[in-house]
Amino acid sequence: MTQSTIETQPNSKLLKGILIGGLVGGALTLLDSNTRNKVKRSAVLLKDNSMNMIEQVKENPGEMKEQMVSGVKGATETIKEAINDVETLYETVNEDVVGRVSEVKDISTDALGTAKDTTSELKDISSKVVVAGKQLKETPSQSLKADNDDEKESDEIVKKSGLSNQKSISSNF
């Protein structure tokens with residue numbers, strides 16, 4: 001099965017439609033006087049430029065060839081310079097930005113690890129402070145309790161021994 005294209009079909013409706021549509025559109029745009037004047041000036045400039053070029057080619061075909069070749073060479077050199085500039089820019093960006101991005105990633109990973117270690121150490125310190133606080137709370141109450149117990153024991157000893165102040169005073173009278 002072969003595909004047919006617009007160029008190979010002599011009676012193509014699409015090609016006829018495109019051509020007729022272009023002519024009708026062009027004719028409608030020429031109804032505006034500003035557009036007509038612009039088209040006229042452009043056509044005159046195109047004709048003048050074409051005629052000048054044709055005359056120059058007829059008079060000096062070698063010079064025109066040289067001008068064309070030098071123009072193409074100049075454009076080629078400019079394109080090569082632009083490509084080199086792009087390569088240099090790419091390398092600079094790749095080294096500076098991408099390299100530094102990996103450095104920043106490493107630094108941030110280290111900072112994150114340090115922060116985690118610090119958090120762990122702060123938790124340890126916090127638990128030690130809590131334990132110390134509990135010890136401080138327990139120690140005075142226990143020492144007071146122990147002091148009270150010691151006083152009670154000493155009072156009992158005094159009472160048992162009969163050496164209490166009241167008994168000794170009352171017994172003397």
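In which helix is valine 93 found? Valine 93 is found in helix α3, which covers residues 61-161. Helices here are DSSP runs of H or I with at least four residues, strands are runs of E with at least two, and both are numbered from the N terminus.

This is a predicted model, in which local features need pLDDT of at least 70, side-chain atom pairs count only at pLDDT 80 or more, and totals for chains, interfaces and linings use all residues. Residues are numbered from 1 along each chain as its sequence is written, and side-chain values use heavy atoms, with hydrogens and water left out.

The chain has 4 helices and 0 strands, in the order α-α-α-α along the sequence. Its mean pLDDT (the predictor's confidence in each residue, from 0 to 100) is 77, and 73% of the residues reach 70 or more. The elements with the lowest and highest mean values are listed below.

| Element | Residues | Mean pLDDT |
|---|---|---|
| helix α4 (lowest) | residues 165-172 | 43 |
| helix α2 (highest) | residues 33-59 | 89 |

Over residues 161-173, pLDDT stays under 50, and the model has 3 contacts for this stretch beyond four places in sequence. A contact means heavy atoms within 4.5 Å. Where pLDDT is low, the predicted coordinates should not be read in detail.

Of the 173 residues, 2% count as buried. Buried means under 20% relative accessible area, exposed means over 50%, and partly exposed lies in between, with a 1.4 Å probe and protein chains only. Methionine 64, in helix α3, counts as buried because its relative accessibility is 10%. Beyond four places in sequence, methionine 64 touches Met53, Gln56 and Val57. Methionine 53 is 11 residues away from methionine 64 in sequence, and their C-alpha atoms are 8.7 Å apart.

Valine 93 has 39% relative accessibility and therefore counts as partly exposed. Together with Leu89, Val97, Val98 and Val101, Val93 makes a nonpolar surface patch of about 420 Å². In such a patch, residues have over 30% relative accessible area and no salt bridge, and nonpolar side chains (Val, Leu, Ile, Met, Phe, Trp, Tyr) are joined within 5 Å, whereas like charges are joined within 9 Å. A salt bridge is a side-chain nitrogen of Lys or Arg within 4 Å of a carboxyl oxygen of Asp or Glu.

Technical notes: Accessible areas come from the Shrake-Rupley method with a 1.4 Å probe; for residues, only the protein chains shown count as cover.
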